[in-house]
Amino acid sequence: MYAACTHAVLSGPAVQRICESPIEEVVVTDSVPLGEAAKQVSRIKVLSVAGLLARGIHSIHEESSISELFF
């Protein structure tokens, strides 16, 4: 089983629950910094949104459509 979330607010016992679950991998973005406990869990994979944000800022600066970023 795999899971994904965009803004991983892993509060309370969330990290422990992930570790105890049948989930093989949780893919999250780096839009919210992970706590130290979550950083130690190998099944939590973090993907950067930096490139997407940079392309969005560039498109806005160039006054071009940002909708193409989502297709």
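**First stop: the surface**

Select F70: with a relative accessibility of 59%, F70 counts as exposed (over 50%; buried is under 20%, partly exposed in between, using a 1.4 Å probe and protein chains only). Before you go on, know that this is a predicted model, where local features need pLDDT of at least 70, side-chain atom pairs count only at pLDDT 80 or more, and totals for chains, interfaces and linings use all residues. Residues are numbered from 1 along each chain as its sequence is written, and side-chain values use heavy atoms, with hydrogens and water left out.

F70 sits in the segment after α3 (50-61); helices here are DSSP runs of H or I with at least four residues.

Next, pick I66, which is also placed in the segment after α3. I66 is partly exposed, at 34% relative accessible area. Which residues does I66 touch, leaving aside neighbours within four places in sequence? They are G56, S59 and I60, where contact means heavy atoms within 4.5 Å.

**Last stop: the cysteines**

How many disulfides does a search of the whole structure find? The count is 0, a disulfide being a pair of cysteine sulfur atoms within 2.5 Å. The closest cysteine sulfur to that of C5 is in C19, 14 Å away, so the two are too far apart for a bond. C5 is partly exposed at 29% relative accessibility, and C19 is partly exposed at 37%.

Key
Helices (H or I, at least four residues) and strands (E, at least two) are DSSP runs, numbered from the N terminus.
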